[in-house]
Amino acid sequence: MKPTRLSTLFSIAVVTAVAGFAFDAVLASRQSPTLLLAVPLGITLAFIGVAVVLMARPVRRHARDGAGRQRPVDPLYATRVVVLAKASSICGALFGGFAIGLVVYLLTRSVTPSLGSTLPNVVAVGGGVVLTVCALVAERMCIAPPGDDDEPGDPRTGTTAN
């Protein structure tokens, strides 16, 4: 599995930011109240990010000092953590980007919005950023260093002999 590229996450954030801005613009054009995200959403996103990093710690510990361990790391657990980290980074970019679009729409209006209407969306942006960063860190923590059995020309590593 290839590591998550920052350009992919940036693209997702930009597309969802445009979608959030457009969604609020459509709501305002229909004279409906604009979307207001809840503060617990941003806090929950941040806690999920911290939980993903905590789940990656045992994998990192085993990968770093694997020679001194009695038991090897469970490959299914490591795979699950990597997949969860990859999915979390994408979800963080989705939520954060959408919330950025909502905040930009509120701040570009002719009337300055109250703090009560912008703060929950800003907290959601922060939660999305924390989730994305924590997920990228957790994904990097699960990268195993090459072992002694990984020689050049080994088909498992994809390298060729010189």
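Student: Are helix 3 and helix 4 roughly parallel or antiparallel to each other?
Tutor: Roughly antiparallel, a label for angles over 145 degrees. This is a predicted model, where local features need pLDDT of at least 70, side-chain atom pairs count only at pLDDT 80 or more, and totals for chains, interfaces and linings use all residues. Residues are numbered from 1 along each chain as its sequence is written, and side-chain values use heavy atoms, with hydrogens and water left out.

Student: At what angle do the axes of helix 3 and helix 4 cross?
Tutor: Roughly 155°, and the axes come within 7 Å. Axes are lines fitted to C-alpha atoms over the stretch in contact, with angles from 0 to 180 degrees between N-to-C directions. Helix 3 covers residues 75-107 and helix 4 covers 115-141; helices are DSSP runs (H or I, at least four residues) numbered from the N terminus.

Student: What residues make up that contact, nonpolar, polar or charged?
Tutor: There are 16 nonpolar, 9 polar and 2 charged. Asp, Glu, Lys and Arg count as charged, Ala, Val, Leu, Ile, Met, Phe, Trp, Tyr, Cys and Pro as nonpolar, and the others, Gly among them, as polar.

Student: New topic: is T16 buried or exposed?
Tutor: Buried, at 12% relative accessible area; the cut-off is under 20%, with exposed over 50% (1.4 Å probe, protein chains only). T16 sits in helix 1.

Student: Which residues does T16 touch?
Tutor: A93, L94, G97 and F98, leaving aside residues up to four places away in sequence. Contact means heavy atoms within 4.5 Å.

Student: And where is Q31?
Tutor: In the loop between helix 1 (6-29) and helix 2 (39-64). Q31 is exposed, at 76%, and has a positive phi of about 60° although it isn't a glycine.

Methods
Helices (H or I, at least four residues) and strands (E, at least two) are DSSP runs, numbered from the N terminus. Angles under 35 degrees count as roughly parallel, over 145 as roughly antiparallel, 65 to 115 as roughly perpendicular and the rest as oblique.
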